[in-house]
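Student: I would like to learn how to read salt bridges in a model. Can we work through some cases?

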Amino acid sequence: QAYERRFPTCPLIPMFVASDTVNEYKSEDEAIHVIERRCKLDIDAPRLLKKIAGVDYVYFVQKNSLNRRERTLHIEAYNETFSNRVIINEHCSYTVHPDNEDWTCFEQSASLDIKSFFGFESTVEKIAMKQYTSNIKKGKEIIEYYLKQLEEEGITFVPRWTPPVACKSESSTSHPRRPVSPAINIPESATKEGLNNKEILNSSSSPSEPTAGTPDDKLDADYIKRYLGDLTPMQESCLIRLRQWLQETHKGKIPKDEHILRFLRARDFNIDKAREILCQSLTWRKQHQVDYILDTWNPPQVLQDYYAGGWHHHDKDGRPLYVLRLGQMDTKGLVRALGEEALLRYVLSINEEGLRRCEENTKVFGRPISSWTCLVDLEGLNMRHLWRPGVKALLRIIEVVEANYPETLGRLLILRAPRVFPVLWTLVSPFIDDNTRKKFLIYAGNDYQGPGGLLDYIDKEIIPDFLGGECMCEVPEGGLVPKSLYRTAEELENEDIKLWTETIYQSASVFKGAPHEVLIQIVDASSVITWDFDVCKGDIVFNIFHSKRAPQPPKKDSLGAHSITSPGGNNVQLIDKVWQLGRDYSMVESPLICKEGESVQGSHVTRWPGFYILQWKFHSMPACATTNLPRVDDVLASLQVSSHKCKVMYYTEVIGSEDFRGSMTSLESSHSGFSQLSAATTSSSQSHSSSMISR
């Protein structure tokens, strides 16, 4: 009801000039209502670009599909203007939450593909991203506005759709629906807090009730049985509490319950430990864009030809089955031809595909399937496979997979283990979690053909032909990688950088007494410095300084005692020790204390040209005012920061004031607990930028 009030035009969206209905369909029982509109937009773009493109407005086609029977609203949009040069697709959906039918879910995603645009591809990309980000923020305000408008008109509930009497029996048999609960009032909290991406509104609770998981919180029994498996009341409570915490603090895509449950199981349902590793994994996924790896990354042809692994049906428990012919694989050749990073990325894509197949098999078999089975054939394994760089790459892959895909390996069947296998096992086993090692079954020679062998776990009809079965297996046979495909160390290093720097973020280490600083030179006053950073480890203080003269060329701090080994985790200091605050440089923003796990975005409108320094500094715990001794909580918190080291992941950009036309009043810096525990809530404001905390 609130969403439809945006049409035919919306005064809250200045760029939305007009819309015309081009197609409309209603089913006889009024359960389905589809409207297709042509929307006219006035994009906030430089005049020169509009003149070159030859247009003043751009047109989008939007299709809204309302299904009152299933209680869903799907919104699809694509650009009509310049569709041969730029492809924009957007999808939004309102759905009923599977756990609680009184909750509404909202999810939004979009893709942008710029093929060519008169040589202004980069400019168009920035404009599109800026416009899209603005629309997401505005969308929340708009839905709040119309919800409040409905309330003021006395509309506080919408009756459920019911089928016409004539077709009630037919509808009830062909379209089973959830039990109907009475309509409810829209609480004030809904209009105050709005709807965030992947956020839920609990319409049955008042604002004064606690939002965290409580003993009264329950998951639907059928939902648990269908998607999650057997859970004790304690385990169910842990899942609800951890998911609730993520919904309140995590800004990105919320993992599904099945994935959250994997991290809880990996830490025996210790909610604090599970939260720590889950949030570290979410930060890692964001930094390396793992969520998009299946859609955006194509494996090199060398991997497709010589990596002897692939998916092959499923085992007797319904788990997806992955077959790896490790003995036939030239690990040395693959590492020499591709480098570690390409191999790692390929393994990550295999794991992402595994998660997808688990979801599909859960639907097919009607029971929860959250892990897969891996069959490893070691026929042909020899000393060549113990090549040191190859083993090093294998250990790194195991480490990354263990940290980010816990409890995904249901069973590992190792077949035809040769005499050299104990040597490899001795090297690898210390890096494998104890719970994972318990799932290993190792067979020497042809033992897998006897009692307790393959037939206990895999149906006879799908045993691969190379293991004596009748099923043709399409997994590549591997073989030696031609040396003509080998690359030099320099080429591999450049390729590795290319693979992993597709992320726009950089990593930095911050130590006690050694802040990390970034220099930004501003030529035109009133430029806008923007930043986006995550505090991955420790607590830091964020400062912005201005100086009329340039600091000395940046020197990387050696800090050998701190053992900086992570790639990209650099530490650069710019402010000279002899500089004095107030004489050589000035502070242009109040210091902002950022706790471990918080995600911070913000902007600063510069007043003067010159040199601006963004600084991330180690935050020391304050002493108690009366005793001059640290408090117990501070001491315990400080123990979590090993070696007085913090880590941040950041991105900065300077935007010209002309590109920020009409947007100065909306600049804001916001916090949210993104990747770790957030310990405090603070707020500060400035005349040229504002900061706020949102939990």
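Student: Is E101 buried or exposed?

Tutor: The cut-off for buried is under 20% relative accessible area. E101 has 17% relative accessibility, so E101 counts as buried. This is a predicted model.

Student: Which residue forms a salt bridge with E101?

Tutor: Side chains of opposite charge can pair when their charged atoms come close. Here the partner is R71, with the closest N and O atoms 4.0 Å apart. E101 sits in the loop between β5 (86-96) and β6 (103-114), and R71 in the loop between β3 (58-67) and β4 (72-79), so the pair ties together parts 30 residues apart in sequence. R71, at 26% relative accessibility, counts as partly exposed.

Student: What does the salt bridge between D377 and R416 look like?

Tutor: Their side chains meet at 2.8 Å, N to O. D377 belongs to strand β10 (residues 372-377) and R416 to strand β11 (residues 409-417), so this pair ties together parts that are 39 residues apart in sequence. D377 counts as buried at 1% relative accessibility. R416 counts as buried at 15%.

Student: Where do D257 and R243 lie?

Tutor: D257 and R243 form a salt bridge, and their closest N and O atoms are 2.9 Å apart. D257 is in helix α7 (residues 257-266) and R243 in helix α6 (residues 233-249), so parts 14 residues apart in sequence are tied together. Both D257 and R243 are buried.

Student: Which residues are linked in a network of salt bridges?

Tutor: D315, D317, R319 and R411. The whole structure has 25 salt bridges.

Student: Where does pLDDT stay under 50?

Tutor: Over residues 167-217, and over residues 623-642. The protein averages a pLDDT of 76.

Notes
Residues are numbered from 1 along each chain as its sequence is written. This is a predicted model: local features need pLDDT of at least 70, side-chain atom pairs count only at pLDDT 80 or more; totals for chains, interfaces and linings use all residues. Side-chain values use heavy atoms; hydrogens and water are left out. pLDDT is the predictor's confidence in each residue, from 0 to 100. Contact means heavy atoms within 4.5 Å. Helices (H or I, at least four residues) and strands (E, at least two) are DSSP runs, numbered from the N terminus. Buried means under 20% relative accessible area, exposed over 50%, partly exposed in between (1.4 Å probe, protein chains only).
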